Amino acid sequence: MNEVNKKNNPVYSRDDTGKVVLDDKEWKNILAPEVYRVARQKGTESPWTSKYESSNEIGTYYCAVCGNPLFKSDTKFESGCGWPSFYEPISKSSIIYTPDNTHGMQRTEVMCGRCKSHLGHVFNDGPQPTGLRYCINGVVLDFEKAKQAEEKYNSEQIS
Ligand SMILES: [Zn+2]
């Protein structure tokens, strides 16, 4: 779905760090329905549905909406909560934080630092060194395998 989505998404870029500001109608036009629902309407994907939830491949997770680098696989951990979980973002500017007091809970929402798409929430029950758990909807993540790691793995398989 993400692959299809990207072709019609003019704001997706792995290099451009300029902020992305579109109105709701424009987002609806360029995003796949499930991505739009989570990213722009602060939806939540069903737990245990993301292929990234149990993935332990080495690489980088990007914002599926705009291509902003968000998390490295070495900060990903098995949280058992049903969504991909990380303990630290790639950089301070990758993420925007905002209080979320909906659903009778006091939580901290995390959004993409470039396009302000809703990603998930951060909780303070994660592992060290940060003690944080970034609980992220897999549908708004885009993963790319580290090329070096892949080559090393492949050469080890041959030799
Ligand atoms: Zn983004």
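Residues are numbered from 1 along each chain as its sequence is written. Since the model is predicted, local features need pLDDT of at least 70 and side-chain atom pairs count only at pLDDT 80 or more, while totals for chains, interfaces and linings use all residues.

Start with the big picture. The chain holds 4 helices and 9 strands; helices here are DSSP runs of H or I with at least four residues, strands are runs of E with at least two, and both are numbered from the N terminus. Read from the N terminus on, the order is α-α-α-β-β-β-β-β-β-β-β-β-α. The C-alpha trace spans about 55 × 35 × 30 Å along its principal axes. The radius of gyration, taken over C-alpha atoms, is compared with a globule rule of 2.2 Å times the number of residues to the power 0.38. For 159 residues a compact globule would come out near 15 Å, and the chain has 16 Å, which agrees. Contacts are pairs of residues whose C-beta atoms, placed from the backbone, lie within 7 Å. Among contacts between residues at least 6 apart in sequence, 57% join residues at least 24 apart.

Now for the sheets. Strands count as paired if DSSP finds at least two bridges between them.

Strand β1 (residues 59–63) pairs with β9 (residues 141–145) over 5 bridges, and Y61 stands opposite F143 in β9. Between β1 and β2 (residues 69–72) there are 3 bridges, again antiparallel, with K72 in β2 as the bridge partner of T60. These two strands make a hairpin with 5 residues between them, and G67 in the turn has a positive phi of about 85 degrees.

The other open sheet described here takes 6 strands in the order β3-β4-β8-β7-β6-β5, with antiparallel pairing. Its edges are β3 (76–77) and β5 (95–100), each with a single partner strand, so one side of each is left without a neighbour in the sheet. Inside this sheet, 2 bridges join β4 (residues 85–86) to β8 (residues 133–136), and F86 has Y134 in β8 as its bridge partner.

What about the inside? A residue is buried if 20 or more other C-beta atoms, placed from the backbone, lie within 10 Å of its own, exposed if 12 or fewer, and partly exposed in between. By that count, buried residues make up 33% of the 159 residues. A nonpolar core is a set of buried Ala, Val, Leu, Ile, Met, Phe, Trp, Tyr and Cys residues joined through C-beta atoms within 7 Å. The largest one has 33 residues, of which V35, C63, A64, V65 and V140 touch the most other members. At least two residues of this core come from each of α3 (33–41), β1, β2, β6 (107–112), β7 (118–123) and β8, and α3 gives the most, with 4 residues. Leaving out residues up to four places away in sequence, C63 touches N68, L70, C112, R114, C115, S117, V140 and D142.

Most residues other than glycine have a negative phi, and most peptide bonds are trans. W48, in the loop between α3 and β1, has a positive phi of about 65 degrees although it is not a glycine. With 10 C-beta neighbours inside 10 Å, W48 counts as exposed. K116, in the loop between β6 and β7, also has a positive phi, near 60 degrees. With 18 C-beta neighbours inside 10 Å, K116 counts as partly exposed. Then there is the cis peptide bond joining Q128 and P129, with omega about 10 degrees; P129 is found in the loop between β7 and β8.

Note on methods. Two residues are in contact if their C-beta atoms, placed from the backbone, lie within 7 Å.
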